[in-house]
Amino acid sequence: MAVHSFETMGTMVSIRIADADLGTIDAIPVLNEVEHNFAQLNETFSLYREDSEASRIASGELALADSSELMRDEYARALQWRDRTGGAFTPHRPDDVIDLSGTIKAVAIDQAAGILTEAGFANFSVNVGGDLTTAGNQAEDIPGWITGIVEPSDRNTLLAAVRLTEEFPAMATSGSAERGEHIWLRPETTKEFVQASVIANDIITADVLATAIISGGSETLNQITQDFSVAVVTVGLDGAVQANAKFQELVAR
């Protein structure tokens, strides 16, 4: 197993390739392209950088209508997710600032997977702060990729180990345990969950829906499990764990 790590977007990126040597001449330019792509997205969309396009829009220096095509496309994508989640996910902060961080990290993970696949890698994982997408197998005798979900009340304890498969290769976890309170709730919603993990066919869907469950509570959880083919596990304020049937199918035995 070859592992390559770097820091971006305020967190660590870890790329694992099961059947390749990252030191080979073929792998180096591919990994450089992945890192460059993460850096470009961060430079454009980070609200922690005063010179980013997102910060210039937030300050009023740049109108959204005059922003880059990339910015307008990603804003449109976020609005589509707002509609699909009944408003539980939104790119608009309570202070009306447009914040696309809820989708951009997942977009970067998805694009990294695309770069690796196009370069010919078939068995890999791309993990960014615990949100990940995978392809192929972890090892010849391990189908799919086995990964863990930590307990929100004890980051040294596993809540569950799951197997990510060809049908469900991506997983994202949202909540306050790792990064504190960073998800704004819908005005009519009382906080019900401290953590939500979603496993889906793609990382953008998984990331958006995990955030939406934290934001929208039980009503959104019920809507998502009815409308989307996803595996979900949540941890309530009282520590109660709920998981749908699909999640239980993916638990590694």
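Reply: Let's start with a pair of helices. In this predicted model, helices α1 and α4 cross in a right-handed way.

Me: At what angle do α1 and α4 pack, and how far apart are their axes?

Reply: The angle is about 160 degrees, and the axes are 10 Å apart. Angles over 145 degrees count as roughly antiparallel, so α1 and α4 are roughly antiparallel to each other. Helix α1 covers residues 27–45.

Me: Which residues make the contact between α1 and α4?

Reply: From α1 come V30, E33, V34, N37, F38, L41 and F45. From α4 come I104, V107, A108, I109, Q111, A112, I115 and L116.

Me: How do the residues of that contact of α1 with α4 divide?

Reply: Twelve are nonpolar, two polar and one charged.

Me: OK, and which way do α4 and α6 cross, left-handed or right-handed?

Reply: The crossing of α4 and α6 is right-handed. Helix α4 is residues 101–118, and α6 is residues 203–227. Their axes come within 8 Å and cross at roughly 160 degrees. That makes α4 roughly antiparallel to α6.

Me: Which residues of α4 and α6 touch there?

Reply: On the α4 side, G102, T103, K105, A106, V107, I109 and D110. On the α6 side, I203, I204, D207 and V208. The residues of this contact divide into six nonpolar, two polar and three charged.

Me: Zooming out now. How many helices and strands are in the protein chain?

Reply: Seven helices and ten strands.

Me: What does the radius of gyration say about the chain?

Reply: The chain has 18 Å. A compact globule with 253 residues would have a value near 18 Å, so the two agree. The C-alpha trace spans about 50 × 45 × 30 Å along its principal axes.

Me: How much of the chain counts as buried?

Reply: 47% of the 253 residues. As for contacts with a separation of 6 or more, 55% are between residues 24 or more positions apart.

Me: Let's pick one residue. Where is I149, and is I149 buried or exposed?

Reply: I149 sits in strand β5, residues 145–151. I149 counts as buried because its relative accessibility is 2%, and the cut-off for buried is under 20%.

Me: What does I149 touch, leaving out residues up to four places away in sequence?

Reply: The list is T157, L158, L159, A160, V162, M171, T173, Q195, S197, V233 and F247. Take M171: I149 and M171 are 22 residues apart in sequence, and their C-alpha atoms are 9.6 Å apart in space.

Methods:
Residues numbered from 1 in each chain as written. Predicted model: local features only at pLDDT ≥ 70, side-chain atom pairs only at ≥ 80, totals over all residues. Heavy atoms only, no water. Axes fitted to C-alpha atoms, helices over the stretch in contact; angles between N-to-C directions. Helix = DSSP H or I, 4+ residues; strand = E, 2+ residues; numbered from the N terminus. Parallel < 35°, antiparallel > 145°, perpendicular 65-115°, else oblique. Left-handed = near helix turned anticlockwise from the far one by under 90°. Contact = heavy atoms within 4.5 Å. Nonpolar A, V, L, I, M, F, W, Y, C, P; charged D, E, K, R; others polar. Rg over C-alpha atoms; globule rule 2.2 N^0.38 Å. Buried < 20%, exposed > 50% of the residue type's maximum accessible area, 1.4 Å probe, protein only.
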